[in-house]
Every structure is written in structure tokens, then in C-alpha cells.
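Please read it with the coordinates open.

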Amino acid sequence: VVGFFSFCRGKCDYYVLPAYPAAAILVGGYLYRLIQANSNAAKMMSLLMAGLFCTAGLASFVLLPKVTGGENIFEWAVMPCALLVAGSLMLLALLKGRVNLSYVLVFCGLCLSDVALATKILPSFVRQQPIVSYVNVIRQSPVSTRVAVDHSLAHWMDELTFESMREPIRIDSTEQLVSLLKEKRPVLAILPEQALRDMYKHESGLINTIRITDKRETISHAL
């Protein structure tokens, strides 16, 4: 599944979700054999996971307030707390020789932190992404409107295509952009501010309406 979608033109991260259950079954079977054999490898991997959980929890306490805005502690603190508590309990279980329990705690810690990530942290990231507002503008535009994306933002093209059901054109040069905007039908162009300045130098008076949504991206409509 991963290999197939790696070679496809359109890629979204959730396309590889069907591969996760199979990977979990393979890893689970391997860990089960190690635990049943009471091998040192099982203990070392559990100790490593406990260290990773504690480290990730501490790092999350430092980084998440910065990337989420940190206004509401309940929006970002659940995941770090889940990681730290799970990591600490895993270390305690290992000290008591409960290797099985330490892996149960790995599972519980991953589930809790993933739920917190999906319900609290990712929505805050999405709200900061300008692509969401661009998709709404594209959807509200007439069907005849052409959508164009600057080459520096080409990593957005698959997501724009998927969310808006419109396939954008890639803009590789100022000349191509000018030629596109001179067409009779309306055009929505998503480009960095520098590309807009370059177009002004190339040909002024071409743009009728411009809405700058932040310091980087611009949506423009041709005359």
C-alpha cells in the first residue's frame, strides 16, 4: 500500500492508513514472542519506549504552547501529560519486572496521546493553515474559474485538488502567470508575495482585485 501510493501523483498522508493494521500485527507478533521468551531485547525496547515517552512529553510541554498559541492549556497539555504519565508508569513496571504491563502501558499511552493530538492539537494547526481559506474561495468561485498555484507552493496542489475537486495549474515563471491572467475567463492564483512583486515589474496594471491574506500568499483575480 505504501509503495503504491508513493509512486502515485496524488498523495495525501491518510492514503497509507490501511497499512497500519498489518504493520501492527507484524510488530505485535514479534514483541509477543520476545516477551514470552523473557528476552533482554523486550526489556530494552520497553525501556527505550519509556525514555522516548518521557522525552517527547517534556519536549511537548515546551514546544506545543508556541505552535498552538498556548492560550488554552487544555488544548495542548493533555498529550504531554499522557506521554509523561505513561512513560513514568512504564519505568515503574520495568523496575518491578512487569514487562507485559509495560507494553500495555505503551499501548495506552499511544492511544491517549493520539486522541489528544487528533482532537485538541491538530484542529489548532488546521486553523493556522491558509490553505483552508483558499479551498473555500475556490469552492465558491464559478466552475469556469481556472486555479493556479506558484511552483514554490506545489506541495499544496494535491490537497487543493482533493478538497476543492479542481485541478490547479502549476505556475513556473512570471511570463506564464501573466499569460494566464490575460485570459478572458477568471483566474484564482495562489502565489508568494515576491512572485506578485515580480509580476508587477513585468507588467503593471494587470490586476483588478487583490486580497493579501497574510505576508506570504496572495489571491488575485485577472481583469
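Predicted model: local features only at pLDDT ≥ 70, side-chain atom pairs only at ≥ 80, totals over all residues.

The points below cover helix packing, salt bridges and a surface patch.

1. Helix packing. Start with helix H3 (residues 40–68) and helix H5 (residues 78–95). They pack at an angle of about 155°. Their axes are 8 Å apart. Angles over 145 degrees count as roughly antiparallel, and H3 and H5 are therefore roughly antiparallel to each other. The crossing of H3 past H5 is left-handed.

2. Salt bridges, overall. How many salt bridges are there? The count comes to 3. The cut-off is a side-chain nitrogen of Lys or Arg within 4 Å of a carboxyl oxygen of Asp or Glu. In general, side chains of opposite charge can pair when their charged atoms come close. Each pair is taken in turn below.

3. Glu163 and Arg139. Their side chains meet in a salt bridge, at 3.6 Å from N to O. This pair links distant parts of the chain, 24 residues apart. Glu163 lies in helix H8 (residues 157–164) and Arg139 in helix H7 (residues 131–140). Buried or exposed? Glu163 has a relative accessible area of 29%, so it is partly exposed. Arg139 is at 47%, and is also partly exposed.

4. Glu183 and Arg146. The closest N and O atoms of this salt bridge are 2.8 Å apart. Again the pair links distant parts of the chain, here 37 residues apart. Glu183 sits in the loop between helix H9 (174–181) and strand E3 (187–192). Arg146 belongs to strand E1 (residues 146–150). Buried means under 20% relative accessible area. Glu183, at 26%, therefore counts as partly exposed. Arg146, at 22%, counts as partly exposed too.

5. Arg170 and Asp172. These side chains form a salt bridge with an N to O distance of 2.7 Å. Arg170 is partly exposed, at 40% relative accessible area. Asp172 is partly exposed as well, at 45%.

6. Surface patch. Which residues form the nonpolar patch on the surface? They are Tyr14, Leu17, Tyr20 and Phe162. Together they have about 410 Å² of accessible area. Tyr14 is found in the loop between helix H1 (2–6) and helix H2 (19–36). Patch residues need over 30% relative accessible area. Tyr14 has 32%, and therefore counts as partly exposed.

How values were computed. Residues numbered from 1 in each chain as written. Heavy atoms only, no water. Patch = residues over 30% accessible without salt bridge, like charges linked within 9 Å, V, L, I, M, F, W, Y side chains within 5 Å. Areas by Shrake-Rupley, 256 points an atom, 1.4 Å probe, with all protein chains shown as cover. Helix = DSSP H or I, 4+ residues; strand = E, 2+ residues; numbered from the N terminus. Buried < 20%, exposed > 50% of the residue type's maximum accessible area, 1.4 Å probe, protein only. Axes fitted to C-alpha atoms, helices over the stretch in contact; angles between N-to-C directions. Parallel < 35°, antiparallel > 145°, perpendicular 65-115°, else oblique. Left-handed = near helix turned anticlockwise from the far one by under 90°.
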